[in-house]
Amino acid sequence: MKANSWMCLLALLLAWQLRAEELQGPNTEATGTTGTGTGLGTGTGTATPTQLPNEPSSQAEAEEVTTAESESRLPAESNERKAAKPKDSTEFAPRTKVMPAALLERLWNDSLMRQQKLKAEIERLEAKRQPTEVAALTPEQIEAQTMYDNAMDMLAKPRTDKRVAFTLLKKAAALNHLKARAELAWAALLGHWMDFDFNHAADEFESLANEGVPEAHMGLGFLYSAGVGGKNVSQPLALIHYNLASLGDNTLAQMAMGYRYLYGINVPISCEKALIQYKRVAKKVASKITFANGPVVHRVRLLDELENPGSHETEIVDYYQLLADKGDVQSQVGLGQLYYQGGKAIQQDHQKALEYFTQAANAGNAIGFAFLGKLYLEGSEQIKADNDTAFKYFSKASEMGDPVGQSGLGLMYLKGLGVPKDSIKALSYFTQAADQGWVDGQLQLGNMYFTGNGVKTDYKLALKYFNLATQSGHVLAYYNLGVMNAYGMGMLRSCPAAVEFFKTVSERGRWSSRLMHAYGDYKKNRIDEAYMQYSLMAEVGYEVAQSNAAFLLDREEVHVFNDRHEDLIRAFYYWKRAAGQGYSAAQVKLGDYYYYGWGTSTDFETAAALYRKASEQQYNAQAMFNLGYMHEQGLGMKKDWHLAKRLYDLAAETNSDAKVPVAIALFKLQMLAKIESIKESPYRFIFYMDENIAANWDLYMITVLTLLLGIIMYMRRPFQQPDQPAQQPAADEIAAAPVNLAPVGAEAAAAVGEAALGAPTAAPVASQTAVATPSSSSSAETPATSTSNADAASQGGSSSTSAAPDGANTLDPTG
């Protein structure tokens, strides 16, 4: 038994040793061949000692890798030598198992080595860098920063004294506050509460740009683009400064770069780069919107206002004010909403809105209760936010079925404003409001489905409600749709759609109030100040600003450049940019510029293409009329009178104001058709009598029409009997002339009878003349005229009696 036990123990020890050798690697000896090792260096093949149990395994694995690489680089041996080599499977099997693990470990060690070297290099560079200490602000710098912050807050609020804000900015600039200096330079450039001083603005921008102020780079970019302040127009330099300002997170510069990348203005078109720029700005705008829809911006196109002058808003407000004072609830609600949002001629005033909504709510109006809740939920400068009061008013409005109150309650339950959070109740209230078409309910319902807040995430439903909210122009709905299109959430990714949504959001930021400021300057006849504002906003992509700047230049009302040719060139480019964004009136004006060669070379084909685009896409009557005229004359296209007549008729159908010019154009077209038919008839020789007449037929036609018009006016003038010299009929003719009311024919018969009896014929003839003369005169003859005629007749009678021969009248009583 003992012998058997010892034998078992010896077998176990032998098996353990063999297993240990298998794990540690094979014991190999060099074959005597020299080779180059790639892993640890070069050297001749030497005997490799057997690895000891306490030796690290990594060294053995490295030697295995080196040996394998050395053997792989040996020159090819002959087949006989390969055949003579012993092939021991027990030698290569362990090596095959160990090599992958060795390679992996070596790669890992190399990676660690590289990381250690990189870390050591970073530490070395950090050690060489001079330590930057944040200098503490001096009392003057703190004071300047405080004044600058207060001034910017006052400028951002609508109902503050801007002169006080600029006084604070001047004090901060005197203390060398860089951003305050930049704001004052912008004020001098745009004429904001300061006189124009382009050169001072340019010098300040140059100085501040060297300090790295983004607003200064934006200012220099605008100067180079507009060509003011002693700067020649240079779009490459403008592009450089816009880029630098954009990298400094300047909002207007980011919008300018996004607009240029979107439409390829001096840069290659790149939707993705435009998306990056507009997304940054849109994110800023969306982050500032809490509960309301954002600031209301009235985009007034001066060209449309000139062609279609509407009623003045102040008159409408006065009319509603009169009705509201008499207790009309609808007028009170309307005035409250007008002051709540603001208008073209009325500034936003929540205090007055509160008064009118309170009057409407006291009369039991649901909308009055709902908007009172909105005022107290959002809060403002005049009204302190109060969740409890807002909840009370929202509850009353919701009980009356008002969607605004329902949406307000849903928002309070969703955010937990004065009430516990309850997404189920919020979903119920939002659904009720959205079913009635209220935009806030649609937006919030879309947000819940988009984020999965209280409901299961459903991008299709979110897309549906966001689209409904965009129909009412909600800014956050546009932003959310931009995000969904940019990342392909619930739809295929669309970069152009995302850029359009983000551009719309970006143009609703607080800087859009510059448009209203420019419109106010225009109404005050401060044309140059209005133009500078519009030109700045045109640079950042506002289509309204582009068309308005071109409109002012087109009417020769801008005196910044004092060169008509430069004005036309600038107006041409502004019309071109506005037309590129789809404004039909700008397309027509741009066609006019190409037609007449204003600011560019004459190009009838391009003009016709622009007219056709405006007529087909926007149904512009003026474009239809112009296109019809070009078809009539064969300018830039084939002459076609039938198509011209069709376009004239469409223009008259599209706009009733075009009926008169269309009637004249159709009359002219008919005359041309008649002339052409005469040219094909035997009477065509008339048109070859004089080449000058044929070449200037329209002038002769205008002359003939003018003469005809003069003849007609002369014939239709009121007739006045001229003063005639008094005739002197004989006395016996006056005495013999009876007062006869019979017709002239009866008097002639009586005269014939008297002649048969031998009576003289002078008297009847005279009487006939006396009766016929008044009948031929105008019925409007005055009695004074008749009296004067009778006096003249009596005077003539006495003189005639003395001159009459004897026996001329036997009935004379004086004879």
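## Around S225

The side chains of S225 and E539 make a polar contact at 2.7 Å (N or O atoms within 3.5 Å, one able to donate a hydrogen and the other to accept it; sequence-adjacent residues count only if both atoms are side-chain atoms). This is a predicted model, with pLDDT of at least 70 needed for local features and 80 or more for side-chain atom pairs, while totals for chains, interfaces and linings use all residues. Numbering runs from 1 along each chain as its sequence is written, and side-chain values use heavy atoms, with hydrogens and water left out.

S225 sits in helix α9, residues 214-226 (helices are DSSP runs of H or I, at least four residues, numbered from the N terminus). S225 counts as buried because its relative accessibility is 9% (the cut-off is under 20%, using a 1.4 Å probe and protein chains only). Leaving out residues up to four places away in sequence, S225 touches V233, Q235, A238, Y242, R260 and E539 (heavy atoms within 4.5 Å).

## The nonpolar cores

The largest nonpolar core has 157 residues, and L189, Y531, Y534 and L552 touch the most other members (a core joins buried Ala, Val, Leu, Ile, Met, Phe, Trp, Tyr and Cys through side-chain atoms within 4.5 Å). Helix α23 (residues 475-487) supplies the largest share of this core, nine residues.

A second, separate core has 13 residues, including Y148 and L169. As for Y534, its contacts beyond four places in sequence include L302, Y519, N548 and L552.

Key
Buried means under 20% relative accessible area, exposed over 50%, partly exposed in between (1.4 Å probe, protein chains only). Helices (H or I, at least four residues) and strands (E, at least two) are DSSP runs, numbered from the N terminus.
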